[in-house]
Amino acid sequence: MKREVKMKILIIYNSTHHGNTEKIAKVMAEILDAELVKPDEVDVATLSKYDLIGLGSGIYHGKHHKSLFELINKLNNQKGKKAFIFSTSGMKKVHFFHEFDKPLKRKLLEKGFRIIGEFNCRGWDTYPFWVKPFGGVNKGRPDEEDLENARSFAKYLKRMVESNQSVEEKHKYK
Ligand SMILES: Cc1cc2nc3c(=O)[nH]c(=O)nc-3n(C[C@H](O)[C@H](O)[C@H](O)COP(=O)(O)O)c2cc1C
C-alpha cells in the first residue's frame, strides 16, 4: 500500500514596492499547500519541521530584500535542507550582467541549504525617476502568464520533493 507523506513547506517573502512578489508567493503557496509568512514573522526554532523552504522578494539595489538576509543570519547550519528562491525585478535577469539572485544564493549555501530551484519574473517598477512620468516599467506585471509560469515552477518543485521524499522514506523503512 502506498504510504501518503504530507510535506511541510514554508514560503518566506517580502514585497514592499507594489506587492508584485506577493502575487507570485501566493500562487506558489496554493500549488504547494505552503504556509506563507513575512521574514519578521518567522520563528527560527520551528524551521526544522519543514521539508522545503522558499525565500523571495523584489530586487532592490541589486539584491533581495535585506530582511531575508537578516533572517538567514540568525540561523544555524541547515545541513542540506532544501530551499528555493524567487524574485520579481524591474530589469530582466541577465547572466554575468544582472545576477541579483547571487547574494541570496551565496548566503543560503553558506548556511548549509541545498537550493533546488530559482524563479524570477519582471515586476511593475516605478522606482527610477526617469520612468515615473510614464507610470513606470512592466506595468501589469506579474501578469497571468507570469503567474502561470510560477505555478508550473511550483509543480516542478512539488514533483522534486515528493520523488526525493519517497526515496528517503523507502530507505528509512527498508
Ligand atoms: C528601492 C528600489 C530599488 C530597486 N532596485 C532594482 C534593481 O536593482 N534591479 C531591478 O531589476 N529592479 C529594481 N527595482 C524594481 C523592483 O525589483 C521591482 O519593481 C519588483 O517587482 C518589486 O517587487 P515588490 O512589489 O514585491 O516589492 C527596485 C525597486 C525599488 C523600490
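**Exercise 1. Work out which residues surround the ligand in this predicted model, and which classes they belong to.**

Solution. Begin with the shell itself, which holds 20 residues, and among these His17, Thr21, Gly58, Gly90 and Gly123 come nearest to the ligand. Next, sort the shell by class, which gives 14 polar residues, 5 nonpolar ones and 1 charged residue. Finally, turn to the secondary structure, where α1 (20-32) and β4 (82-89) each supply at least two residues of the shell.

**Exercise 2. Describe the order of the elements in the protein and decide how its radius of gyration relates to the globule rule.**

Solution. Count the elements to find 4 helices and 5 strands, and then read them from the N terminus on, where they follow the order β-α-β-β-α-β-α-β-α. The radius of gyration is 17 Å, close to the 16 Å that the globule rule gives for 174 residues, so the protein is as compact as a globular protein of that length. Along the principal axes, the C-alpha atoms fill a box of roughly 65 × 35 × 30 Å.

**Exercise 3. Identify the residues with the most contacts inside the largest nonpolar core, and find what Ile12 touches.**

Solution. The largest nonpolar core has 30 residues, and Ile11, Ile12, Met28, Leu55, Ala83 and Leu157 have the most contacts inside it. Several elements each supply at least two residues of this core, including β1 (9-14), β3 (52-58), α2 (66-73) and α4 (144-172). Taking Ile12 as the example, and leaving out residues up to four places away in sequence, one finds that it touches Val37, Pro39, Val42, Ile53, Gly54, Leu55, Leu68 and Leu71.

Note on methods:
Residues numbered from 1 in each chain as written. Predicted model: local features only at pLDDT ≥ 70, side-chain atom pairs only at ≥ 80, totals over all residues. Near = placed C-beta within 6 Å. Nonpolar A, V, L, I, M, F, W, Y, C, P; charged D, E, K, R; others polar. Rg over C-alpha atoms; globule rule 2.2 N^0.38 Å. Core = buried A, V, L, I, M, F, W, Y, C linked by C-beta atoms within 7 Å. Buried ≥ 20, exposed ≤ 12 C-beta atoms within 10 Å, placed from the backbone. Contact = placed C-beta atoms within 7 Å.
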